[in-house]
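Have the sequence and the 3D view open side by side, and let us take a walk through them together.

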There are 2 protein chains.
Amino acid sequence: MRAQATTKRELAAALHDEHGLTMSAYEALYVLARADGLRLKRVELAERLVLTPSGITRLLEGLEAEGYVEKVSCETDLRVSYAQLTDAGVEKLEQASCGHTGSIRSLFEQHFSEDEIETLAELLGKLPGALDEDQACPTDG
Amino acid sequence: MRAQATTKRELAAALHDEHGLTMSAYEALYVLARADGLRLKRVELAERLVLTPSGITRLLEGLEAEGYVEKVSCETDLRVSYAQLTDAGVEKLEQASCGHTGSIRSLFEQHFSEDEIETLAELLGKLPGALDEDQACPTDG
DNA sequence: GGGCTATAGTTGACTACGCAAACAACTCTA
DNA sequence: TAGAGTTGTTTGCGTAGTCAACTATAGCCC
């Protein structure tokens with residue numbers, strides 16, 4: 001186990017060492033897990049993750065190779081394909097989630113009070129692509 | 001002139017097209033301009049910009065080549081060298097600043113009210129490396 | 001002094017991601 | 001229904017920035 005993260009880089013390093021995921025990969029799984037039918041058009045995923053379409057292609061290449069995401073084509077529009085979270089992907093996300101969200105929270109707690117975190121969450125939640133959801137983590141203290 | 005930026009990427013592209021600066025290069029000039037004697041140890045600059053030491057080496061390579069920053073060695077500790085903003089660097093920063101800070105502000109204004117921006121500025125100003133300074137831009141409306 | 005350990009900085013190899021260009025498929029309009 | 005424009009995706013190439021390994025200096029303690 002790594003020492004407590006004090007930067008985004010350390011957060012990323014922990015995620016990588018412990019789960020073999022990059023930050024973007026984690027976010028992709030996270031966003032897909034909360035999407036209808038565990039799937040999203042690649043172009044929508046791009047917007048959510050603030051990546052370009054080519055970035056998404058590359059990112060999903062990796063996730064598809066690992067088996068966490070499947071490429072599903074759309075029947076009504078042959079141009080589009082969906083990124084579909086697999087069972088393995090769901091599981092991977094669950095493994096990675098609690099530690100990671102906990103680390104993020106404690107990173108915030110190093111700098112902000114509970115009230116301030118709430119205010120920030122509220123404000124930043126207004127940003128496009130933000131998910132307006134409370135996500136509790138059962139194993140967190 | 002580019003259309004109004006709606007993402008950080010577009011902000012970066014504008015900065016690059018209009019002034020030949022990357023986001024990090026701009027930030028480096030910005031931070032140096034507010035430092036004592038317009039200089040900072042490379043390692044301090046790294047912390048401020050949330051870059052690694054090697055990242056700073058690469059970044060300053062470019063800025064030194066352009067003549068915006070000079071490498072100055074420390075007389076009392078031969079390990080350390082300073083990044084020293086030059087006159088050209090000051091000038092470059094001034095040219096780039098107003099347009100850029102204006103763009104950032106309007107990007108925020110797309111999503112937040114004045115009050116919210118103030119709250120965010122206050123909260124985010126607590127983060128390490130943040131400069132707690134009001135920086136007015138004369139040509140801004 | 002000679003040997004530790006810590007700190008500052010550089011370099012080589014690698015990676016994530018952007019941009020521009022290409023291509024395919026869809027949707028208009030005439 | 002041919003053409004034009006739009007949208008979704010991929011690919012080639014370039015670049016910013018990471019990590020790991022290294023060198024050089026500083027400060028410590030015997």
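Two strands pair if DSSP finds at least two bridges between them. Helices (H or I, at least four residues) and strands (E, at least two) are DSSP runs, numbered from the N terminus. What you see is a predicted model, in which local features need pLDDT of at least 70 and side-chain atom pairs count only at pLDDT 80 or more, while totals for chains, interfaces and linings use all residues. Residues are numbered from 1 along each chain as its sequence is written, and chains are lettered from A and ligands numbered from 1 in the order in which they are written.

Let us begin with the sheet of chain B. In general, strands of a sheet pair through backbone hydrogen bonds, either parallel or antiparallel. Here β1(B) and β3(B) pair in the antiparallel sense over three bridges, and you can find B:Lys41 opposite B:Tyr82 in β3(B). On to the next pair: five bridges join β2(B) to β3(B) (residues 81-85), again antiparallel. Among the facing residues, B:Ser73 stands opposite B:Ser81, and the bridge partner of B:Lys71 is B:Ala83.

Put together, the three strands make an open sheet in the order β1-β3-β2 of chain B. Its edge strands are β1 (39-41) and β2 (69-73) of chain B, each pairing on one side only. Neighbouring strands are turned by 30 degrees against each other on average, direction ignored. For such angles, axes are lines fitted to C-alpha atoms, for helices over the stretch in contact, and angles run from 0 to 180 degrees between N-to-C directions.

Helix α2 (residues 23-33) of chain B packs on this sheet and touches β1, β2 and β3 of chain B, its direction making about 90 degrees with that of β3(B). Helix α3 (residues 42-49) of chain B packs there as well, touching β1 and β3 of chain B, at about 95 degrees to the direction of β1(B). Two residues are in contact if their C-beta atoms, placed from the backbone, lie within 7 Å.

Now turn to chain A and its helix α3 (residues 42-49). Which of its residues are buried? They are A:Leu45, A:Ala46 and A:Arg48; buried is the word if 20 or more other C-beta atoms lie within 10 Å of a residue's own, exposed if 12 or fewer, and partly exposed in between, with C-beta atoms placed from the backbone. These residues lie on the same side of α3(A) because they cover an arc of only 165 degrees around the axis, the arc being that of the directions from the helix axis to the C-beta atoms. What covers them includes α2 (23-33), β1 (39-41), α4 (53-66) and β3 (81-85) of chain A.

Just after α3(A) comes A:Val50, with a positive phi of about 55 degrees. Most residues other than glycine have a negative phi, and most peptide bonds are trans. A:Val50 sits in the loop between α3 and α4 of chain A and is partly exposed, with 15 other C-beta atoms within 10 Å. A:Leu38 also has a positive phi, near 55 degrees. You will find A:Leu38 in the loop between α2 and β1 of chain A.

Our last stop is α2(A), which packs against helix α5 (residues 87-109) of chain A at an angle of about 110 degrees, with the axes 10 Å apart.
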